[in-house]
Each structure stands twice: as structure tokens, then as C-alpha cells.
Amino acid sequence: MTEPAVVSPVRLHKELDAIWRTPPGWGRLSSVNHTVLGKRFMVLALTFFAIGGLLSMLIRAQLATPESGFLEPALYNQIFTMHGVVMMFLFAIPMFEGFAIYMLPKMLGARDMAFPRLTAYGFWCYLFGGMILIAALLFGAAPNGGWFMYTPLSSRPYSPGINADVWLLGITFVEISAVTAAIEILVSILKLRAPGMSLTRMPIIAWYMLVTSGMMVLGFPPLILGSILLELERAFNLPFFDPTRGGDPLLWQHLFWLFGHPEVYIIFLPAAGALSTIIPVFAQRPILGYRAIIAAIVALGFLSFGLWVHHMFMVGIPHMALAFFSAASALVAIPTAVQIFAWIGTLASGRPRWDIPMLYVIGFFVVFVIGGMTGVMLAMVPFNTQAHDSYFVVAHLHYVLVGGFVFPMLAALYHWLPHITGRQSVYRLSVPAFWLIFIGFNMTFFLMHLTGLMGMPRRISSYPSNWGWDWLNLLSSVGGFVLTIGFAMVLADILMQLRFGERFGRDPWKAQTLEWATATPPPSYAFASIPHIESRADQIDPAALGSRLAGGEGYLGFARANRQETLAVDMVTGAVEHVVVLPRRTLLPLWTALATGAFFLCLLFRLYALAPLALLGTLGLFLLWPGSLGETADQGPLPIGRGQSAPLDAEASNNVTVLASRTALVTNATLYSSLLFGGLFLLVVAPNWSSAPETAVSWAMLLAGVGAAAVGGVAALVGDRNNSGGRAPGPALWMTVAAQIAAMVLLGATAFLLADPTQHARIAIVFAVLAYCALHAGIGAVLSGATLFRLARGHVSQNRGTAPRIVALWNGFAAATAVAGAALIAVLDTAGAVA
Amino acid sequence: MRQGDKIALISLVAGFTVWSVGFVALYGLQALGCAYGWPTHRAVLILAYGILVAVLAVPAFWPLRSDGEASATLSVAALWANRAALGAGVLVFLPVTFTSTCV
């Protein structure tokens, strides 16, 4: 195929925009564009931030005076719980996702994220899940057991309403968007970069995003598993957390904090990435210690998973274990300090110029360092024992989260808002807004250190007037309102910028990163042509490069076959690998999210007979997704501009779909490992196992099921191998379908024939493991069947082997889970109980 | 992906992957020893500690590779990360030698 003819920049813009743009009116619902969806994510996250802020105002109004009757205790419980839930799950994480979705392709030199429809699906899940939570608040049925939902308080006997179910189901629904975004961000960073941009030429923020997405891939599954187990306990009386029947509330705490502590760093790292991008711009020199920062954030990512028990110091864990977690908690300050010294060094060795973003950077330094210091204090077990569950902890967590996320976010807002709006800040309100936020924040939360040290516990709705907390609480409340006025001024400032801000040319800050090479506001396709990167991508001249790219001088500087095209590169070197054809706008993500929402609502309102229908609807809609994708004939290498050619992604062996499938299986494996850990934890630690009833496992049926799953896994691997070797994959795929259906039936029947799983956690865990394995065998059969369908329609060939590869990966995983599950069941079934 | 690049990428996370596995293993051994009343509980933990530190030392002192700009830069970052993992292992796992095991 010959390269399309060169056209004028204006005509190129019109041709590309016709392919990539989101139509007006109802057509907006079909958008899959990263610029549109990134903005939607951020606007929605800021809306939830406003709701969370409003709830905090109610909290401070209640606590401003002793023995206040402003809010009833029951309502207060819902409000402080929802404040935490909204800020953590509906604001901080989605704000990062929105920022990454909007910004990453532009910083990396791609035209979109790797899976645009997944972006849209994640957005709708986030919107609908958030609406469930907010609607529950309006109807007085919001979660009320604290944002961490500890059992047994959140178990059915002590929380009989649907409040806790709203948390468990609403948050799980929202977390779909977090997991899908994490996989997409990881794959996009590793594969969708401008040619020549090796990993070590990436702007440093991409390293932060890469580590963060890796942490999300591993950090969210324990929470999702915990939520599923607790909902199973509440809905079907399976006693995973009930100590009278072999469960243990500590299992919930382990699963929650295995997610919950990395979550703090998942929130902090992207913000730190923004700082590492903004500070060099205003210091007017490259970031100091690029390689040291990479090492530091890798260290931070791993160490953050070794701290979770510092939230559980008071639960009665032996001193040796406490010492592990205490040491790790203190140690994590070191890689954080490496970054802080790199930022200070960058400023000290540069020629700093002061502007609004830098005000928030300085605010960050002050607030976050104080939060870090109190964090090290709380990492020490003796001090933690004294300050546990007091307002000192409230002060610490706000210093860390507001210092580590909100201040950098505001710096980022002022830095990048001109990119989104195409207008510069008006500045009239910016400086007073900063000072109100800075003073109001410290007035509110610094005093809470003192209130906490004076013994005020968290979560109380009122307090007597004779304990010396009155004036501190009153000042905190005044500070809270000052803080809110500051945020209101930032909002007004944004509106002023949108209305009155002056337009500008490319790169108003003289930044040196690629996003400023796009027009502002950016066009739907981001880059008219994709650049070739020859130096580190935070040291380029975007203004000069931008006009060349708009003229089509880079790669793919043309519109071809009405397709949305971008380039994929080698993960490390950035050498061109293939052309990625991205799916175009569609309503499928919206319908799929609605079906998913229907499933969660059925569970919430206990319409269990309808829930499988909604689930089948969701699965059916997902199966429609690949329908419009792929080729029915091999195309061979296509011209990509600059005299080069590359094959289509469908003809590349390790394309983004395969990488995403591998990553999704890592997430899935983490969830399953957490389940296996849960079984072993209960066996070793939980009470009431010495008299545990028999599981009544049918070993013949179980082993037959495992054998069938193994046959299915091997057959899928053979199918993939046959296809890539030029032989027909059909027979092996049919064998996979048959074997996995047999495995699903046998494993499902084994679960069905167990002793009553509500009797004891031992049987409940065995039941959950069998159900998981049966479900995965069933999905394996469906995927194999779908691949046979694509094979029959001509979408699969020796060169176009993505579908058989995914089938092999999934079914291999399903077989492995069946084997591991049988091993755990053997241990639980035969091991002697620990007294 | 070339072999050298793959090694550079893997070595970036090698040390801390070992550290994470070691963390879980030591925490698990501590719990199992207490649950089943192992008479040689501390000896087992100290042995595991020694093995872990020895394994962590391997990537921390592995010679740098420099075939290509990307893998050379990655290798330097990997070396620092792996030395940090060794330091973290020595420090965080040290309590197995002196703290009370099950109290």
C-alpha cells in the first residue's frame, strides 16, 4: 500500500477531526476520546470533591461547640463515613485517572489511550457507582460504619439496613473504573509512545504513572475480594468474618489495609509526578536526579505494600510482626525524602521564577513534610499506642493527603488548565485563594494534633464542654470555613479564566514537555502527526515541534481508511513496532455499564433472581465489543510516514491487547491469591476451628473438574500454537470449549454438594474457591466459543492470532487456579485445626 | 524486545520483588511458628533472614549492563533500587533476631 498524499495542515486537521471528533447532542454519550473523557473524569471528581467538602463543613459545624445538637449521631455517622468514602474513592483516585487519561497520550506522543472504549466504560461505571452512593446519602441510607467498614460492625447483625451494602456494592462498582484505568494506563505507557521515546526518555511523570498503575493492578484486588466476601456474608450468611463460626474480623482488616495503605501512595505518586514536572518548568532547568527518582519511586511502590499492619498495631499482633511493619513504615520516608531533596535541589540549582503554581508547590512542601514527620511518629508502636484513634491521626492523614494530593493538584490545575481551556489565568483571585487555603488548612488541621494529644477520639459526634477541647474545635471549625472560602475562590478563578482569560500560542509556561506541542485546547486527535523523539522528552521545544507536527511532518501525518490510527513501540527502546487501530465512538460502553449497574442494583435490592440476567446481559454486551474490530485479510506492513512501514496491531504477536490481557490476569491472580491467603489465614489464626465441621468435599468430582480444567488449558495452548504454526486451531478450541464446560459443571456441582457453607468459614472458603474456579472455567469456554466465531468469520489467521493467544492465556490461568484451589481445599480439608 | 533490555527492565524490580516475597515469607513463618508451637521457631526465622539477605545481595552487586542507552540508564536505576532493597531487607527483617516471637 502506498503512503497517502501530503495535504495542507488545515485539510489534514479537517480530515483527522472528521474521524476522531465526538459529535454534538446525544452523540456525546458515544464518546471514547481521551480528551473528552479525561475532562469528564476530572469535572466529575471535582464535583464529588465539592460534595465531600460540603460534608466536612457539616462535620465541622457539628463539632464547633460542645454537646451540639446540630446533627443526630446516626446522621453524623453517615456524614463522616461518606466524607471519607467520597474523598478517597470518588475524588482522589478518579481525579488521578482523569488527569492520566487526558494528559498521558499527549505527553507520550500518542493520539489516544490504548483502549478508548474501556476508558468510556470506566467513566460510566464511576458515574453510576458514585450516583448510587450519593443517592443513598440523600435517602438517609448511606454507609455509616466508617470509610474502612470494619467487621463485625458492618456485618448483618450490627448493620441490618442496606447502608453497608451500599458501600460494598457501590465501591466495587466504582473500582471497576480504577482497575480498568490502571490496566489501560500501564499498557499505554509501555506501548503507546512516540517512536524514539525509550523508557528512559519518558518525562518523569510517566514513570510515576507507570508505578502507580502497577500498584493499582496489585493493590485493588484485595479490597474487591474483601468486599465480595463481606457482601456474601451479609447476603447469604457465609461466615468469613464471624469468629463464632471460624471466621475472623482481622481478615477484613488485612484485606482492607492491603489495599488501603498502598492507596495513600497511589494517591501521592501521581501528584508527586506532577510536582516533578512543574518544578523544573519554574526552576528553568531539568529535574535533578532522574535515575535516582526512578529508583526511589520503584522503592516507594514496593515498600508501600509492606506497611499495611501499621493501621492494625492495636489489634494484638506479636511484637516481632509489629517490628517488621514499624521498620518498613519508618523506612518509606527515605525514598520520599529522595524526591523532596531532588525537588529542592532542582529549585536551588535553577533560576526559579515565581508564579501561582509555585505558591502551591511551596504550600505542598510545608504541609506534606509536617504530615511525613507525624507519619514517622505514628510508625513507632509506643507513640501509636497513645495516639491511636485520636484526632492526632485525623490531623496526620489530612496533612498527608491534602499536602500530598490537593496542594499538588492545585499547582497542576493552575499549570495545565490553560492547556484545557486555551486561556491563561486572570490571576486576580489566585493569590488570595492560595493564602485562604493555606491558612485555613493549617488552622483546621494543625490544631487537631493538639486536640488528639489531649485525648479527643475520632468519629465522636459530640463532646462534653469540660475536657479542654472547646476552643481548639471552635478554631478548627473556623479554619475549615476559611479553607472552604479559599476553594470557592479557586472555583471562581477557574470560571473567570474560562470567561475572561487571554488566549495564547503554544507553550505559555516555556515548559519542555510534549503536551504543549498540541494546539490548545487540543484537537480531538491530539497530534496531526506523531513526533520522533531524539532526546529526553522533558527537554524538547514544544512550540517549534508543534507547528511541524501540525503540518504532518511526523509519523501518520494523514487520514487513512477512516481509521483512528496511532503507533505502538518496543516497551524499552521505543522502536516502532506496529500501527494500532483504535475503535471509534460507540454507545456500547454506556450500555455495558448500564447492564453492570443493573447487576449491582439487583444485588443491592436483593433481587437475586434477576441478578444473573443482568450479569448475562453484561457478558453478552462485552462479547459484542470485538465485533467491529480486526481485519478479515492480512494487510502486511503499511506506510507510516518518514519513509517507514509497520504492520497493523492485529498482525503483531505481542500487541496491546495481549499485554492488557496479561496485566488483567495479574490483577485476577492477585485477587485469587488473596482468597487463598484468606483460607490459610483463617486456618492458622481464626478461633473455633478445633470443632470445625467436615466440608464433605466429593474428591472424585473435584479431581475430575480439575482434570477437565487442565485439559481445557492445554487444549487452548495447543490451539494457539497450532494457529501461530499455520495449522488449524479449530479442533483444539472445540476441545477447550468442551473441557471447560465439563470443568464448570463438575466444579460447580462439587460446590453445590458441599456441607452447608453457612455452618463454618472452612466450608465457606472451600465454596468460594470452587465457585471462583467454576466461573473461570465457564468464562474460558465462552472466550473459546467467541474465538471460534471470529475464526469462522475470517478474523483469525496465522498472522492475526490475538484471539487464540488470549484464549490460551485465560484457559491456562483457569487451569492453574483449579489446581491451586484443589491444593488449598486439600489443606483445609485435611489439616488439623489449630487450637 | 531484546534480551538485554528485558534483563534491565526485570532487574529494576528484581530486588524489591525478592524483598516482598521475603516479607510475606517471614511474616508467614512467624505466624505458622506461633500457631503450631515450633521449638526451633527463632532459628528457622534467622535462617530465612540469612537466606533472604544473601539473595537480596545478588542483584545489589550484579555488574551494570550497558548495551544501549535505555538499558544502560535503566541498569543504573536498577542498581540503586536493588541496593535499597538490600538495605530495606537487612533493616526490616532484623527484628527476627531479637524481638519476642509470639507475644
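I began with the two chains, and found that 29 residues of chain A are in contact with 38 residues of chain B, where contact stands for C-beta atoms, placed from the backbone, that lie within 7 Å. Helices H8 (290–303), H9 (319–331) and H19 (656–685) of chain A each supply at least two residues of the side that touches chain B. By class I read that side of chain A as 22 nonpolar, five polar and two charged residues, with Ala, Val, Leu, Ile, Met, Phe, Trp, Tyr, Cys and Pro taken as nonpolar, Asp, Glu, Lys and Arg as charged, and the others, Gly among them, as polar.

I note here that this is a predicted model, in which local features need pLDDT of at least 70 and side-chain atom pairs count only at pLDDT 80 or more, while totals for chains, interfaces and linings use all residues. Residues are numbered from 1 along each chain as its sequence is written, and chains are lettered from A and ligands numbered from 1 in the order in which they are written.

Next I looked up H13 (residues 391–421) and H14 (residues 430–453) of chain A, which pack at an angle of about 165° with their axes 7 Å apart; helices are DSSP runs of H or I with at least four residues, and strands are runs of E with at least two. H13(A) and H14(A) are therefore roughly antiparallel to each other, a label for angles over 145 degrees. The crossing of H13(A) and H14(A) is left-handed. Among the residues that make this contact I listed A:Tyr391, A:His398 and A:Tyr414 of H13(A), and A:Phe441, A:His449 and A:Leu453 of H14(A). The contact of H13(A) with H14(A) divides into 13 nonpolar, five polar and no charged residues.

I then turned to H4 (residues 116–138) and H17 (residues 588–604) of chain A, whose axes come within 8 Å and cross at roughly 40°. The contact includes A:Arg117 and A:Trp124 from H4(A), and A:Pro589 and A:Gly597 from H17(A). This contact has nine nonpolar, three polar and one charged residues.

Last, I followed the strands. S1 (residues 564–569) of chain A and S2(A) pair in the antiparallel sense over six bridges, pairing being counted when DSSP finds at least two bridges. A:Thr566 has A:Val580 as its bridge partner in S2(A). The two strands form a hairpin with six residues between them, and A:Gly574 in the turn has a positive phi of about 80°.

Notes. Axes fitted to C-alpha atoms, helices over the stretch in contact; angles between N-to-C directions. Parallel < 35°, antiparallel > 145°, perpendicular 65-115°, else oblique. Left-handed = near helix turned anticlockwise from the far one by under 90°.
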